[in-house]
Amino acid sequence: MVSGVSGTSSFPLDFSAGLSAAQQRPATNTGSGANTNSNTSNGTPNSATGTTQQPVNSSSILADLASIQNPNLASGQSSGSVLGAYTNDSSLFAAPQTQQSQLLTQIANTAKKRFGDAQTQISATYKQASDNITAVVNQWISVKASINNAMAGVTQGQTSITNANNTLLDMRGIVSNAAQAPVSNAKAFDSDLASINQQADRLGPALNLVGSINPVDWTPNQVQYRNNLGTGVTTLNGGYIGSTYRIMASDGTVWVPDTQANTLTHYSELQGVPQKVTVTDGTNTAQIPETASYQNGIQLVSYDPNTQAIKLQITINPADPPTTVTGTLQQTGIGLMPAWFYGGLTTTAGRQQAFQAINEAQARLSLGGTAVQVAANVTATDQKNADNALNALNAKSADAQGTQLKALQDLQTKYTQQVQAMQNNLNQLSSQQQNYIDAFASQISDD
């Protein structure tokens with residue numbers, strides 16, 4: 001608090017902290033009984049000394065603050081000086097630097113340091129908040145990537161169903177044409193069936209909702225993915241749009257098809273070892289896998305749809321007589337069997353059975369499509385939740401950035417106002433000091 005002749009002035013901030021007592025009070029010289037360093041407020045000659053006092057240049061007190069910058073949060077660029085009105089390059093005083101100008105310089109440096117410290121603290125607070133938000137955003141991005149993969153599986157499943165349905169339509173034409181050319185059309189029928197199975201299994205288990213069934217118990221595949229930042233997991237239940245089968249033989253062995261190679265192979269048991277058969281060609285003998293071709297190695301003898309009892313004639317080596325196999329037919333998927341099951345499409349009855357099987361396959365394919373549609377709805381909901389979480393985090397980040405910007409703007413305003421008030425008080429102090437000098441000089445002259 002500084003007391004003057006006409007009243008009292010106060011400083012908003014104690015920028016003089018750390019200054020010596022001599023630096024905090026106006027200096028006086030004893031020459032001619034007056035202070036030669038004091039100035040009049042209007043630059044008039046000093047009555048005691050005859051010298052002209054220079055007024056305080058108020059527009060240049062804060063010249064040293066011109067370098068204080070205000071980082072722009074949104075762009076990372078620098079704006080103008082915090083105290084942009086005080087950026088002229090004129091010196092503080094026209095005369096050599098006095099104690100008062102030194103005091104003002106120290107005040108300016110103190111203000112600059114305090115502004116920089118406060119600015120650093122605001123930026124550090126924002127950075128911590130921003131880093132926390134970014135970490136959570138990255139976690140949600142990982143969750144959304146998992147959801148997007150599942151959605152890709154849904155899309156691919158829908159594509160496979162469409163392709164399988166188109167193939168079934170093509171198979172109708174094949175059966176119709178088989179009346180004129182049963183052998184070639186039976187081969188085309190089996191090729192289309194293999195194509196449907198390929199559509200079912202073209203994706204790996206991680207994304208497949210229409211295939212990749214368990215080879216032993218034929219349970220449908222499941223697709224799992226994360227749906228939140230905790231332990232939440234969504235499980236999508238798949239279906240099977242392909243068609244496979246096996247024949248559990250009466251002797252405990254099993255005949256398993258290769259749906260792509262269009263063959264039927266004899267195994268010791270489920271997941272067992274392939275059986276071999278000895279063939280003779282003149283004086284040479286060899287053991288080969290007991291595998292029959294769809295085209296000329298399998299003939300249906302009988303089948304009971306009620307009991308699934310089946311009887312086949314299997315030919316491995318055309319030079320040898322066929323082997324009779326009896327057992328139980330097990331099926332899964334859309335229910336289509338190879339052409340041999342329909343008499344090689346050589347008879348009207350066999351072709352009628354094939355037409356009926358295609359109709360049933362289309363109905364079962366629609367059921368498989370329902371499972372995929374359910375999965376589509378579930379993944380869409382999970383994706384929406386992830387998007388909402390990311391949007392909320394983006395809004396939170398924008399709020400934090402806006403809060404930082406406002407804090408820096410408020411800091412700029414605060415320091416501008418406080419340093420300006422300091423300047424005004426110092427000017428008032430200088431004027432009051434001159435009034436004392438003028439009063440004492442007048443008294444001396446009168447004496």
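A: Strands come before anything else here: helices (H or I, at least four residues) and strands (E, at least two) are DSSP runs, numbered from the N terminus. Two strands pair if DSSP finds at least two bridges between them. Strands β7 (residues 243-249) and β8 (residues 254-258) run antiparallel and are joined by two bridges. Within that pair, Met248 has Val254 of β8 as its bridge partner. The model is predicted, so to read it: local features need pLDDT of at least 70, side-chain atom pairs count only at pLDDT 80 or more, and totals for chains, interfaces and linings use all residues. Residues are numbered from 1 along each chain as its sequence is written, and side-chain values use heavy atoms, with hydrogens and water left out.

Q: In the hairpin of β7 and β8, which residue takes a positive phi?
A: Gly252 does, with phi near 95 degrees; the hairpin has four residues between the strands.

Q: How many bridges join β7 to β15?
A: Seven, and these two strands run antiparallel. One of the pairs is Ser243 with Gly333 of β15.

Q: In what order do the strands of the open sheet lie?
A: The order is β12-β9-β8-β7-β15-β14-β13, seven strands with antiparallel pairing. Because β12 (291-293) and β13 (298-304) stand at the edges with a single partner strand each, one side of each lacks a neighbour in the sheet. From one strand to the next the twist averages 30 degrees, taken between N-to-C directions of lines fitted to C-alpha atoms, on a scale from 0 to 180 degrees.

Q: Is β7 mostly covered or exposed?
A: Buried means under 20% relative accessible area, exposed over 50%, partly exposed in between (1.4 Å probe, protein chains only). β7 is mostly covered, with six of its seven residues buried.

Q: Which residues touch the most other members of the largest nonpolar core?
A: In soluble globular proteins, nonpolar side chains tend to be buried together. A nonpolar core is a set of buried Ala, Val, Leu, Ile, Met, Phe, Trp, Tyr and Cys residues joined through side-chain atoms within 4.5 Å. Here the largest has 61 residues, and Phe189, Leu264, Leu336, Trp340 and Tyr342 touch the most other members. α2 gives the most to this core, 13 residues.

Q: Which residues of α3 are buried?
A: Among them are Phe189, Leu193 and Ile196.
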